[in-house]
Amino acid sequence: FRGETISIIGESGCGKTTLGRMLALLDKPTDGNLEFDFGQGLQGVKKLQGHDQMRFRKKVQMIFQDPYASLNPRWRVGRIVAEPMLAHTSMTKQEREVRVDALLSQVGLHPTDRDRYPHQFSGGQRQRISIARALAVNPEFLVCDEPTSALDVSVQAQVLNIMKDLQRRLGLTYLFISHNLAVVHHVADRVGVMYLGRIVEIADRDSLFENPQHPYTRMLLSAIPDMTGSGTRRTPVAGEVPNPLNPPSGCTFHPRCPFARDLCKSESPAMVTNGENQVACHGIAQGWPMTVEISAAVL
Ligand code: SF4
């Protein structure tokens, strides 16, 4: 939804980054649809060509995971931040310079930083430069692919707070990809849980964290350490992620699910609404007992 932060969580290799890269048109989907609200309702994005595709690219920008690799080390910061303006606008050199100065100030850097090179900045400052570059052409939607995972914890908080502040001021919409559930709890309005390329549960942040329903979500959240739970038995997700090139039949989580029945092996569960959450699970849809076994099966 416009103006919200939706987070995607899931194990490494489940497809979170691929989803983000497809939304930013960096990877092509092999199947399915990609739709975006251009102001006149949803419109397919996959077949956009030429000018229309450039218009979409301008609206959707990306902040990458590694601020060390995503900035050209041979370019000064001013040129890095101005590059999207060169690609997407007809601004003059002077207009671009004024805009670069304003963007650097917006992300907490000084306008004179435009003359320095990326290696002269700390990790957190580099990620601020990435944010300034992503904002250069007034995007509406930002794909943030683990934007703080390469940073120290104290710097993570600074960068996240800048992102939240910019979202409020500029009305931005974020897709926030992360495997850090504490960070997701801090920034997200809604959370989607991805397993092997499919969203298996989606809900408002509080519903998802307080009342997780899909067995996979419950196991993921059970693995979060907390100060008060010392000595509490955990229920980690058992086994390995299956090969996505040859996914299991039916519900792809069935080889690791303590509640799996024959139906799970043959039929892929549809997404159903259960209370505040939308969940893709036969057990939830059909009301199977799913409380006692979760710890018994794994402990
Ligand atoms: Fe487990 Fe079956 Fe639900 Fe899949 S559909 S999560 S295997 S109970």
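**Close-up views of a predicted model**

View 1. Eight strands make up an open sheet in the order 4-5-6-1-7-8-10-9, and their pairing is mixed. At the edges sit strand 4 (60-63) and strand 9 (271-274), each of them pairing on one side only. Going from one strand to the next, the twist averages 20°. Keep in mind while looking around that this is a predicted model.

**View 2. Strands 8 and 10 side by side.** Here we zoom in on one pair from the sheet. Strand 8 (residues 198-204) runs antiparallel to strand 10 (residues 277-280), and two bridges link the pair. To find your place, look for Glu-201, which stands opposite Val-279 in strand 10.

**View 3. A helix lying on the sheet.** Helix 9 (residues 215-222) packs on the sheet, where it touches strand 1 (5-9), strand 7 (190-195) and strand 8. The direction of helix 9 makes about 105° with that of strand 7.

**View 4. Helix 5 under cover.** Now for helix 5, which takes in residues 123-135. Among the buried ones are Gly-123, Gly-124, Ile-129, Ala-132 and Leu-135. The cover over these buried residues includes two strands of the sheet, strand 4 and strand 5 (141-145). It also includes helix 3 (77-88), helix 4 (93-106) and helix 6 (153-170).

View 5. Leaving aside neighbours within four places in sequence, Arg-128 is in contact with Val-107, Gly-108, Leu-109, Gln-158 and Ile-162.

**View 6. Polar partners of Arg-128.** Which side chain makes a polar contact with the side chain of Arg-128? That partner is the side chain of Gln-158, at 3.1 Å. A backbone atom comes into the picture too: the oxygen of Val-107 lies 3.2 Å from a polar atom of the Arg-128 side chain.

**View 7. Arg-128 and Leu-103.** This last view sets sequence against space. Arg-128 and Leu-103 are 25 residues apart in sequence, while their C-alpha atoms are 9.7 Å apart in space.

Key: Residues numbered from 1 in each chain as written. Predicted model: local features only at pLDDT ≥ 70, side-chain atom pairs only at ≥ 80, totals over all residues. Heavy atoms only, no water. Pairing = 2+ DSSP bridges. Helix = DSSP H or I, 4+ residues; strand = E, 2+ residues; numbered from the N terminus. Axes fitted to C-alpha atoms, helices over the stretch in contact; angles between N-to-C directions. Contact = heavy atoms within 4.5 Å. Polar contact = N/O pair within 3.5 Å; in protein donor to acceptor, adjacent residues only side chain to side chain. Buried < 20%, exposed > 50% of the residue type's maximum accessible area, 1.4 Å probe, protein only.
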